[in-house]
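These are my notebook entries on one protein chain. I set down what I looked up, in the order in which I looked.

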Amino acid sequence: MTKSVVILDYGSGNLRSAQRALERTGADVAVTGDPHAALEADGLVVPGVGAFAACIEGLRAAGGDRVIGKRLAGGRPVLGICVGMQVLFERGVEHGAASEGCGEWPGTVERLQAPIVPHMGWNTLRAPEGTALFAGIPADERFYFVHSYGVLDWTLQPASSRIAPPLVTWSTHGTPFVAAVENGPLSATQFHPEKSGEAGARVLANWVGTL
């Protein structure tokens, strides 16, 4: 059965390249800002480029934060990409100014601690055991990043031993940073899978396969 995917159009993100990449997985893909369509799709993709503050402002203006919350409350899959991943955290700090994020995960998006910023280009990952996003992908595969900010510390602890902790994938640019998270219905990547060639295509196909 063909899976339906909505790419949320709230004024930020590489919408068409993401659409083309997801269509190659065999999914039925729509780009829309319609909250009803975003709620009803099998999977929702939240893209994002640019500044954290501008992205979260646009997301809230479009009601995207409420859509994400409603989907997750019902166990319905969401995938954040780049700044679409960053806004899922508690807050972002840019140029000394803090902005409140969606708060789905604790943590702060801050400037990368590296000699050269932005982090632009290809880099390897360290995926954990049991990952679904990176299943079947060689450990030395490279993915495409474009960002100056990231999450440098993962602080979420499971509420009890009966709840599986999120699977956190790391990369390093100057210092380690969170490159992807898999947390029940909520997944996210700091890199751009739609720009990461065959490896990125496999990540998207793996995600669609979980819908």
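Entry 1. The model I am reading is a predicted one. I began with C55, which has 2% relative accessibility and therefore counts as buried. In general, a disulfide is a covalent bond between the sulfur atoms of two cysteines. For C55, the closest cysteine sulfur is in C82 at 8.2 Å, which is too far for a bond. C102 is in no disulfide either, and its nearest cysteine sulfur, that of C55, is 11 Å away. With 21% relative accessibility, C102 counts as partly exposed.

**Entry 2. The sheet of seven strands.** I next traced an open sheet whose seven strands follow the order β2-β1-β3-β4-β13-β12-β11, with mixed pairing. Which strands stand at its edges? They are β2 (28-32) and β11 (167-173); each has a single partner strand, so one side of each is left without a neighbour in the sheet. On average, neighbouring strands here are turned by 25 degrees against each other, direction ignored.

I recorded the pairings in turn. Strand β1 (residues 4-8) runs parallel to β3 and is joined to it by three bridges; V6 has L44 in β3 as its bridge partner. Three bridges also join β3 to β4 (residues 78-81), again in parallel, and here V45 is partnered by L79 of β4. By contrast, β11 and β12 (residues 175-183) run antiparallel, with seven bridges between them. In that pair, W170 stands opposite V178 of β12. As a general rule, strands of a sheet pair through backbone hydrogen bonds, either parallel or antiparallel.

Entry 3. I looked at which way the residues of β3 (residues 43-46) point. G43 and V45 point one way, L44 and V46 the other, and all are buried. I then turned to the largest nonpolar core, which has 61 residues; L22, L44, F134, F143 and W207 touch the most other members. In general, nonpolar side chains in soluble globular proteins tend to be buried together.

Apart from neighbours within four places in sequence, its contacts include V6, L8, V67, I68 and W207.

W207 lies in helix α6. Is W207 buried or exposed? Its relative accessibility is 2%, so W207 counts as buried. Leaving out residues up to four places away in sequence, W207 touches, among others, L22, G43, L44, V45 and L79. W207 and L22 are 185 residues apart in sequence, yet their C-alpha atoms are 9.9 Å apart in space.

Entry 4. I found another open sheet, with four strands in the order β6-β5-β7-β10 and mixed pairing. Its edge strands are β6 (97-100) and β10 (149-151), each of which pairs on one side only. Its neighbouring strands are turned by 25 degrees against each other on average, direction ignored. β7 (residues 105-111) and β10 pair in the antiparallel sense over three bridges, and R111 stands opposite Y149 in β10. Helix α3 (residues 52-61) packs on this sheet and touches β5 (89-94), β6 and β7, with its direction at about 25 degrees to that of β6.

**Entry 5. Two further residues.** N123 is found in strand β8 (residues 119-124), and at 12% relative accessibility it counts as buried. Which side chain does that of N123 meet in a polar contact? The partner is S171, at 3.4 Å. Setting aside neighbours within four places in sequence, N123 is in contact with E141, R142, F143, F145, S171 and T172.

G136 sits in the loop between β8 and β9 (142-147). Its relative accessibility is 63%, so G136 counts as exposed. Between the C-alpha atoms of G136 and L204, 68 residues apart along the chain, I noted a separation of 12 Å.

Definitions and conventions
Residues numbered from 1 in each chain as written. Predicted model: local features only at pLDDT ≥ 70, side-chain atom pairs only at ≥ 80, totals over all residues. Heavy atoms only, no water. Buried < 20%, exposed > 50% of the residue type's maximum accessible area, 1.4 Å probe, protein only. Helix = DSSP H or I, 4+ residues; strand = E, 2+ residues; numbered from the N terminus. Pairing = 2+ DSSP bridges. Axes fitted to C-alpha atoms, helices over the stretch in contact; angles between N-to-C directions. Contact = heavy atoms within 4.5 Å. Core = buried A, V, L, I, M, F, W, Y, C linked by side-chain atoms within 4.5 Å. Polar contact = N/O pair within 3.5 Å; in protein donor to acceptor, adjacent residues only side chain to side chain. Disulfide = S-S within 2.5 Å.
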